[in-house]
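Let's take a friendly walk through a protein together. Have a look at the fold first, and then we will visit its charged pairs, its packed helices and its nonpolar cores.

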Amino acid sequence: MLFGLALMAVPLLAAILTAVLQIRDLSDTGQKIVIQGVTGARASQALFGQIASLERTARLHEVLKDPKLLDAYRTQDERLSSTREQLHTLATGDARVTLEELGQLQESIRASVMSNSAADPSASFAQLSELVERVAQQSNAQVDAEVAALRERTLKARQQLLWLAALLLPLAIVAVFVLTVGVGRPLRQLDRAISELGQGSFTNPIEVAGPHDLERLGGQLEWLRQRLLDLAHERNRFLRHMSHELKTPLANIREGTELLMDGAVGELDSNQREVAAILRENGIKLQRMIENLLSFSAWQTSSVGLEATEFRLRPLVKQVLENQQLTLLSQRVRLDVRVEDLTLIADRGKIRLILENLVSNAVKYSPKGGTIHLQARAAGPQLVLDVADSGPGIPPEDREHVFEAFYTGRAARATAVKGTGIGLSVVLEFVAAHGGSVQIIDGQFPGAHFRITMPLRAGSGDRPRVEPKAHAHAA
């Protein structure tokens, strides 16, 4: 980053310094020309006045022959010499030659006046005035030439600055490109890596190529990813182990319950049959919870894919509702089932778990005497599945999290309704695996309303990447 900034700053500073020096030089030259022009004009005007005074004094002395007038003439002549010397220091070329001629003529006139010559000095003073006029013209020409030279230098400096700016533009572009490639790309890599870690995706290694500090930060993120991945594997191993340990005694309990229900140890009276039915129903619930844990664990470790087969939806829905029959009766919950006779190509086991989790969720939150709505229809090549209840619904603050694993909403924590918090997470994972989406719909039914949209024909394959916030949303 420092190299990139230096690469952009050094040429810019050089251009600014060059411009400052050129502007200062032009300013000094312009100021010198102005001072020289003003001083030259004032000196030329002073020469005219001093020559007139000198001529008047010479004429008076010629008439009056007063020695004091000679003293006055001498003083005025010295003043004229001083002004001429001042102009001589400013003049160049022809103007300086003319001033030398003026000096010679001045000495000639002075000698004539001091010697009381009878010659008329008028012609000499007229010639002296002509020389001063010529000096003024030559000084003006000199100023004009210097102004023209200054203008030419200004144009040249402007062209140089334009060329310098044209040269700095590609250098700035190169510097921005170097900075973008050297710093921007590793920063984007870090941003993508942090986003993946935040979404719970630990499968992609974190590789950052760029400055040493950013590479070291990328290495720390890779260490964090490995640590989180190890923790996720340990958690999933624990879930698998506990689930498998629970399935064996549960299978024995269910088998014994089925034997009791079938009268293998004798006919049961109505009370005994009711107790056996309660055991059977809760055994099914426990089995579904264990299957959810196993499915969630396997899906998180990317160890399963879709096993697509062709099957009819209605018999599967009927089977799921029969497994919930005892709970529905005890809760006195009515069913509003409107399922079209559709044939799907999908993973039957995962579709069954989707239906069981949604129906079980609806039963848990429906009040006694409530209604559960289950509808399925085809919309072009898509299956639209709606499951809704007449419970309290899902608060807005919970909707962003209800599909997260092990999350239980405020309604569940505030009531006696308990669960593992992975049912809806499994629903979202399995729907996304089929290329579908889950929505929370408002307004059509009083309680929670989940709508699943997925293809009627899903291909088999590996687990796709799932991003819950992109697939689960309110509508």
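## A buried charged pair

The side chains of Asp386 and Arg451 meet in a salt bridge, with 2.7 Å from N to O; the term stands for a side-chain nitrogen of Lys or Arg within 4 Å of a carboxyl oxygen of Asp or Glu. This is a predicted model, in which local features need pLDDT of at least 70 and side-chain atom pairs count only at pLDDT 80 or more, while totals for chains, interfaces and linings use all residues. Residues are numbered from 1 along each chain as its sequence is written, and side-chain values use heavy atoms, leaving out hydrogens and water.

Asp386 sits in strand 5 and Arg451 in strand 7, so this pair links distant parts of the chain, 65 residues apart. Helices (H or I, at least four residues) and strands (E, at least two) are DSSP runs, numbered from the N terminus. Are Asp386 and Arg451 buried or exposed? Both are buried, where buried means under 20% relative accessible area, exposed over 50% and partly exposed in between (1.4 Å probe, protein chains only).

Side chains of opposite charge can pair when their charged atoms come close. The structure holds 15 salt bridges, and the table shows three of them.

| Pair | Closest N and O atoms |
|---|---|
| Arg280 and Glu258 | 2.9 Å |
| Arg74 and Asp71 | 3.0 Å |

Arg280 belongs to helix 6 (residues 270-300) and Glu258 to helix 5 (residues 212-261), so their pair ties together parts that are 22 residues apart in sequence. Arg280 is partly exposed because its relative accessible area is 30%, and Glu258 also counts as partly exposed, at 26%.

Arg74 and Asp71 both lie in helix 2 (residues 67-90), three residues apart, or about one turn of the helix. Arg74 counts as partly exposed because its relative accessibility is 37%; for Asp71, the value of 45% gives a partly exposed residue too.

## Two helices side by side

Helix 2 packs with helix 3 (residues 94-114) at an angle of about 170°, and their axes are 10 Å apart. Axes are lines fitted to C-alpha atoms, for helices over the stretch in contact, and angles run from 0 to 180 degrees between N-to-C directions. The angle therefore makes helix 2 roughly antiparallel to helix 3, a label for angles over 145 degrees. Contact means heavy atoms within 4.5 Å. Among the residues making this contact are Leu70, Tyr73 and Arg74 of helix 2, and Leu99, Gln106 and Ile109 of helix 3.

## The nonpolar cores

A nonpolar core is a set of buried Ala, Val, Leu, Ile, Met, Phe, Trp, Tyr and Cys residues joined through side-chain atoms within 4.5 Å. The largest one has 42 residues, and Leu313, Phe450 and Ile452 have the most contacts inside it. Elements that give two or more residues to this core include helix 7 (313-323), strand 5 (382-388) and strand 7 (449-455). Which element gives the largest share? Helix 9 does, with eight residues.

Not counting residues up to four places away in sequence, Ile452 touches several residues, including Ile354, Leu383, Val427 and Val438. Another core lies apart from the largest one and has 21 residues, among them Leu87, Leu99, Leu128 and Val132.

## The whole protein

There are 13 helices and eight strands in the protein. Of its 475 residues, 39% count as buried.

How values were computed: Angles under 35 degrees count as roughly parallel, over 145 as roughly antiparallel, 65 to 115 as roughly perpendicular and the rest as oblique.
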